[in-house]
Amino acid sequence: MEHKLNVSDLEPPEPMERILLAIETLNAGDYLYVTHRREPRMIYPMLENMGIAWVTRPSGSEGYEIFIWRKDDNAAKAAIPA
Amino acid sequence: MQASRSSLSLEQAPPLSVPLRFFVTAPIFGLLAALLLIIYGPEILTNRWAPATLALTHLITLGFLGMIMCGAMMQMLPVLAGSPVPKVKPVATAVHTLLTIGILALASGFLSGITGLFHLALTTLGLGFLIFIIAISIALMRIRTPNDTIHSMRLAIASLATTVMLGLTIGAGFSGMTSLSQLIPLTDIHLGWGILGWIGLLVVGVAYQVVPMFQLTPEYPKKLTTPLSWVIFSTLIIWAPLYLAWGNGHLSKWVPDSWILLPAIGYILFAGTTLWLQQKRRRRVSDVTLLFWRTGMIFIAACLLLWLIGFTPITKAQPIFSLLLGIWLLFGVAVSVVNGMLYKIVPFLTWFHLQNRQVALMSMGKVKVPNMKELMPDRLTRRQLYAHLTTLLLLTLALFWPYPLAHIAGLSLGVSCSLLLFNLLQAARRYSQVNQELSDFETSR
C-alpha cells in the first residue's frame, strides 16, 4: 500500500521529522511516497541506520519523489512503480 | 539516485562543540564592544581613528563576525559540499584559542598603546588565520564539482587572506615594527577586502544555499549566481592598486571611488534578488531570520545611497558620512545577516545531532527530541531582533547627538548581545539535557 506524503512546503528539518514519523507507521507491504522540492540528502544516513531502503527520482520542475520502504520488505519493494 | 549519494551528510560533520564554541564566543566579544561604547561614548563615534573606535571595530569584525563565520565554515563544508575540514577538532581548538587571544590583545593594544600587546596580537591572529585558511583551502580544493556557493567561498577565503595580510602589515606599521608611509589608503583597502570581499562573498555564497532551503524561496537565478562573485572579486583586485595610486598622488580620488561602485552594484543586485525571492516564498509565514535578512538587504541599498550622497560637494568633507557608512555596513548589513543565520544554523544542527543519535540508538518514542522551535523559541529570538533594531537606530542617531545617545546605544548593544548569548546557551543547555537522556537510555538497554 502506498502512503503519500508531500513535504514541499515545509521548512527544514520538518520534512525529515515527518518522514521519520511516517516510517514508523509502515506495515508489511507498505511503502512511503514522498514529494519534496529538494533532494533530502541529510536523511539518507539515518535511513541507512534504520534499515530503510529508498529510491530518489527527479520529478520534473516540481523537485523530487522519494520511495521509502523497509529493506527486508520485498513485497513493498515490488509494489514501487518502475 | 540511491544510497550511494549518502556521503553528503552531517555524518562527516564535526561534533557540535566545534562550531558552537565559535558561536558562543561571538556575543561575548559583542558585549566587550558594548562595554567600550558605554565607557567611551561619544569619543568612539566622532573619529574613526580614535583608539577606542579601532578597538570596537575589531571586536565586531573579528570578535563577533569573524568568530561566527569561521565556525560556520567548518560546519558547512562537510554538510553543503561533502568535504570535511581536515583535522577539524585540533584545527578548531587552535584557531579558536589563537583568535580569542589575538582579538583581546589587539583591542587592549589599541586602548593602551602598549607595543607588546600589538606584537602578541599580530603573532596570534596571523597564526590563527594561517591555520584556518590552510585547513579551509584544503577542504575547498578537494571538491571536484564546485557549485556557485563553493566558488564564492573560495573567493571569500582568498579575500580573507588578503585582508589578514594587509591587517598584519598595517599592524606592524602601527606598532612601530616597520615604517608605513600609506597608512590611510592601506587601511581603506584592508576594510574594502574585509567587508566587500571576505564578509560579502561568504554571505552571498551561503545565501545561495540557505535562503531557498530555509526561507522556502525559489532558487537564485543562475545568470546572477554564476558571474556575481567573480565580478565582485575581480573589481576588488583592480580597485586596490587604483586606490594606492591615489595614495601616492598619481591619480585623482574619483577614479578608485567610482570603480568601487561596480562591486557595490553587484551587491545591490544580490540584495534586490534576495528581497524579490523572499516575496515569492512558498509559505508566507513571518520568521525572525527572514526579518534579520530583510534588514541586512535593505541596509545594502541604504549604504549605496549613502555612498552616493557622500560624493556631493556639501557632504564630501563631513567625517560623519564615513562613520555612518561604517555603522550601517557592519551593524546594518553584516551583523543582521550573520545574527539571523545563527538562528537557523544552531537549532538545526542541535536537532540534527540529537536526531541522528536517536536513530542510531533506535530510541524513537522513548526519548523526545525537541524540534527547532522548541530549541530556539520565536519569542526569544524576536526579542533579540527588536534589541538589535533598537541598537541600529540608536547608533545612527548617536552620530548626530553623540551625548548621551552613544552611551545608550552601548547599553542597547549590550542588551542585544546578552539576549543572543542567552538564546544560544539555552539551545546548548537543551542539547545537553536531551543528549544525557539519550545516554541514560543507552546504558539502560
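Visitor: Which residue in β2(A) stands opposite His3(A)?

Guide: In this predicted model, His3(A) faces Leu32(A) in β2(A). Local features here need pLDDT of at least 70, side-chain atom pairs count only at pLDDT 80 or more, and totals for chains, interfaces and linings use all residues. Residues are numbered from 1 along each chain as its sequence is written, while chains are lettered from A and ligands numbered from 1 in the order in which they are written.

Visitor: What makes β1(A) and β2(A) a pair?

Guide: Two strands pair if DSSP finds at least two bridges between them. Strand β1 (residues 2-6) and strand β2 (residues 31-36) of chain A are joined by five bridges and run parallel, so they count as paired. (A strand is a DSSP run of E, at least two residues; a helix is a run of H or I, at least four; both are numbered from the N terminus.)

Visitor: And how is β2(A) joined to β4(A)?

Guide: Five bridges again, but β2(A) and β4 (residues 64-70) of chain A run antiparallel. Thr35(A) has Glu65(A) in β4(A) as its bridge partner.

Visitor: Why are β1 and β3 of chain A at the edges?

Guide: The open sheet has the order β1-β2-β4-β3 in chain A, with mixed pairing. β1 and β3 (52-58) each have a single partner strand, so one side of each lacks a neighbour in the sheet.
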